[in-house]
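Welcome! Please keep the sequence and the 3D view open as you read.

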Amino acid sequence: MSSSSTSSKPLQLQGAVALVTGAGRARGIGRGTVDALVAAGAARVYVAVRDTAAAAPLYAAHGDKVRVVEHDVTRLERAQALAAQLSDVNVLIHNAGLFTGATALGDEAQQRREFEVNVFGPIALTRAFAPVLARNGGGAVAILNSVASHFSFPLGASYSASKAALHSFTQALRRELAAQGTHVLGVYPGPIDTDMAEKIPMEKASPADVGRAIVAALAAREEDLYPDATGAQMYAAHRSDPKALERQLAQMA
Ligand SMILES: NC(=O)c1ccc[n+]([C@@H]2O[C@H](COP(=O)([O-])OP(=O)(O)OC[C@H]3O[C@@H](n4cnc5c(N)ncnc54)[C@H](OP(=O)(O)O)[C@@H]3O)[C@@H](O)[C@H]2O)c1
């Protein structure tokens with residue numbers, strides 16, 4: 001795991017009120033993050049899911065610390081209403097994501113869907129929640145990017161492009177939200193052992209470890225988090241010789 005930090009005083013997660021999108025899956029990074037937030041002393045974690053029944057195990061694990069709300073992140077017009085409903089949130093975690101496997105010249109509907117879930121969804125929610133965060137002391141936003149934000153991963157060309165766009169927005173949001181005291185953390189995992197990465201034949205870290213790393217990075221106000229060894233190695237290879245990595249990944253295609 002590697003991370004970078006610029007900042008000053010730790011973010012207080014004891015008593016925090018968080019919103020985590022797409023955290024209904026039993027072995028997802030979202031679930032790992034919710035568990036870690038509760039362990040860190042969060043007063044309440046709202047879990048935004050498309051199917052509220054899928055989140056029942058979260059109630060069993062955490063009782064009334066968890067509140068499940070129905071929200072599809074592609075319903076951009078509902079973002080403002082969600083922000084009005086959850087007016088006590090001070091930590092916003094964009095976890096919901098979609099990987100279709102669409103190639104660069106592949107299915108356009110799949111590509112659009114990936115950009116709607118991975119890019120426009122988090123932007124709309126951040127726009128809606130920015131005033132809420134400001135009213136609640138600034139707080140923080142964490143955004144699930146990917147190492148594929150930095151280079152195109154052969155199994156998911158369109159997914160990589162969407163995560164590259166999200167990385168650029170992450171940097172812009174950090175700059176724009178600094179004025180209101182909102183910290184922005186970009187998270188850049190490599191392959192993690194969830195449903196999304198089921199077909200990726202690489203060594204994978206556990207979503208629980210990633211959730212704990214996200215919460216620790218938020219507390220320390222880190223800006224960029226590479227939470228797993230495989231992803232951190234790939235990012236280091238990219239930084240040392242981007243063309244060599246591009247050629248290596250092309251061999252995998
Ligand atoms: N796993 C990896 O290797 C890896 C690596 C780098 C980055 N990431 C990123 O980490 C995040 C979590 O990934 P994961 O591996 O835990 O994925 P996952 O197990 O596939 O879970 C994705 C979650 O996003 C939700 N979701 C999808 N579309 C949604 C929508 N329109 N509205 C609301 N929720 C929606 C899904 O809900 P449903 O259950 O309703 O489908 C699911 O709970 C994603 O942003 C992903 O891109 C993952």
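## Reading this model

Contact here means heavy atoms within 4.5 Å. This is a predicted model, where local features need pLDDT of at least 70, side-chain atom pairs count only at pLDDT 80 or more, and totals for chains, interfaces and linings use all residues. Residues are numbered from 1 along each chain as its sequence is written, and side-chain values use heavy atoms, with hydrogens and water left out.

## Meet Ser146

Not counting residues up to four places away in sequence, Ser146 touches Tyr159, Lys163, Val187, Tyr188 and Pro189. You will find Ser146 in the loop between strand S6 (140-144) and helix H5 (157-177); strands (E, at least two residues) and helices (H or I, at least four) are DSSP runs, numbered from the N terminus.

Is Ser146 buried or exposed? Ser146 is buried, with a relative accessible area of 7%; buried means under 20%, exposed over 50%, and partly exposed in between (1.4 Å probe, protein chains only). The side chain of Ser146 also reaches the backbone nitrogen of Ala148, at 2.9 Å.

## The ligand

Two of the residues that Ser146 touches, Tyr159 and Lys163, turn up again here. A side-chain N or O atom of Tyr159 is 2.7 Å from an oxygen atom of the ligand. For Lys163, a polar side-chain atom lies 3.0 Å from a ligand oxygen atom. Taken alone, the ligand exposes 890 Å², and the protein buries 92% of that (Shrake-Rupley method, 1.4 Å probe).

Terms used. Polar contact = N/O pair within 3.5 Å; in protein donor to acceptor, adjacent residues only side chain to side chain.
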